[in-house]
Amino acid sequence: MKQDYSSGAYLVIQKGSLLGKRVELWKECTTIGRSRDCDIFLEDIAVHRKQASILLSPGGYVLRDDHGSGDSFVNGRSIKEQLLNNGDQLLFGNTQLTFYASEGTRPFQLPSSRGRELHVGKAPDPHPTMIARLFPLSSQSGLIQGIEVLPEMTIGRSRECDIFLEDLAVSRLHATIRELPAGDYEIVDNRSATGTFVNGRAVARCQLSNGDQLQIGVSRFVFRLSPS
């Protein structure tokens, strides 16, 4: 049965120095390794500099071993190339990750970037939490995978940013999106060289509304809010 990838696949690190971290898979090719040039940087001496890649294919997400030494594992088995299923356990060196095909497949008690595990056992909130996502826009393919917005996320050309944009028109620390006390979100331009745009207008600071279009360099995103 083909899995639904519409709400965004992601990894959760279950063992290693980044325990509990969630990593969205929003690119067609996500690289993994010990090199800071990789999309997912693993600070683990047992991991190769260019260890593996996760590729978005018509059938779903595929893990490919890029080093060729047979030490990329899925569910304890060494692989060269493997179609991933929801809940698969990935192992690189001493770092273990779980693959989730979409937001709806994540067990409720697992660590989350928004701290939803804190609500286990509590009465339902009459005002449900809203989840914010950025959907990259591509002129070729329209909306692609969404990126869940954390309480504070940096955007820029530095690989230390939460959202890395490989674009010379983007400043190293270009902008920041943060959640406000009331649950709304704002974007702040960090004195970038080329500006941050919301619905075609340059902004220094702007509270975001559902459906707003953001542009940073040549990259465009749609901001969406949906109930958790």
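Guide: Let's start with β17 and strand β18 (residues 185-189), which run antiparallel and are joined by 5 bridges. This is a predicted model, where local features need pLDDT of at least 70 and side-chain atom pairs count only at pLDDT 80 or more, while totals for chains, interfaces and linings use all residues. Residues are numbered from 1 along each chain as its sequence is written, and side-chain values use heavy atoms, with hydrogens and water left out.

Visitor: What counts as a strand, and when do two of them pair?

Guide: Strands pair through backbone hydrogen bonds, either parallel or antiparallel. Elements here are DSSP runs numbered from the N terminus: strands are E, at least two residues, and helices are H or I, at least four. Two strands pair if DSSP finds at least two bridges between them. In our example, Glu179 has Tyr185 of β18 as its bridge partner. The hairpin of β17 and β18 has 5 residues between the strands, and in it Gly183 takes a positive phi near 100 degrees.

Visitor: What is the order of the open sheet that holds β17 and β18?

Guide: Read it as β16-β15-β17-β18-β21, 5 strands with mixed pairing. β16 and β21 (205-208) are the edge strands, each pairing on one side only.

Visitor: Where do Asn75 and Asn199 sit?

Guide: Look in the loops. Asn75 is placed between β7 (72-74) and β8 (77-78), with phi near 55 degrees, a positive value in a residue other than glycine. Asn75 has 47% relative accessibility, so it counts as partly exposed (buried is under 20% relative accessible area, exposed over 50%, partly exposed in between, with a 1.4 Å probe and protein chains only). Asn199 is in the loop between β19 (196-198) and β20 (201-203), and its phi is positive too, about 55 degrees.

Visitor: How is a pocket defined, and what volume does the largest pocket have?

Guide: On a 1 Å grid over the protein atoms alone, a pocket is an open set of points where a 1.4 Å probe fits, with protein on both sides within 12 Å along at least five of seven lines; lining residues have an atom within 4 Å of a point. Points are joined across faces, edges and corners, and the volume is the space filled by probe spheres set on them. The largest pocket comes to about 830 Å³. It has 30 lining residues, and Lys21, Val23, Asp39, Cys161 and Asp162 are the closest to its centre. β2 (22-25), β4 (40-41), β14 (147-148) and β16 (163-164) each give two or more residues to that lining, with β2 giving the most, 3 residues.

Visitor: Where is the charged end of Arg22?

Guide: Over the ring of Tyr10, 3.6 Å from its centre. The rule asks for NZ of Lys or CZ of Arg within 6 Å of the ring centre and within 35 degrees of the ring normal.
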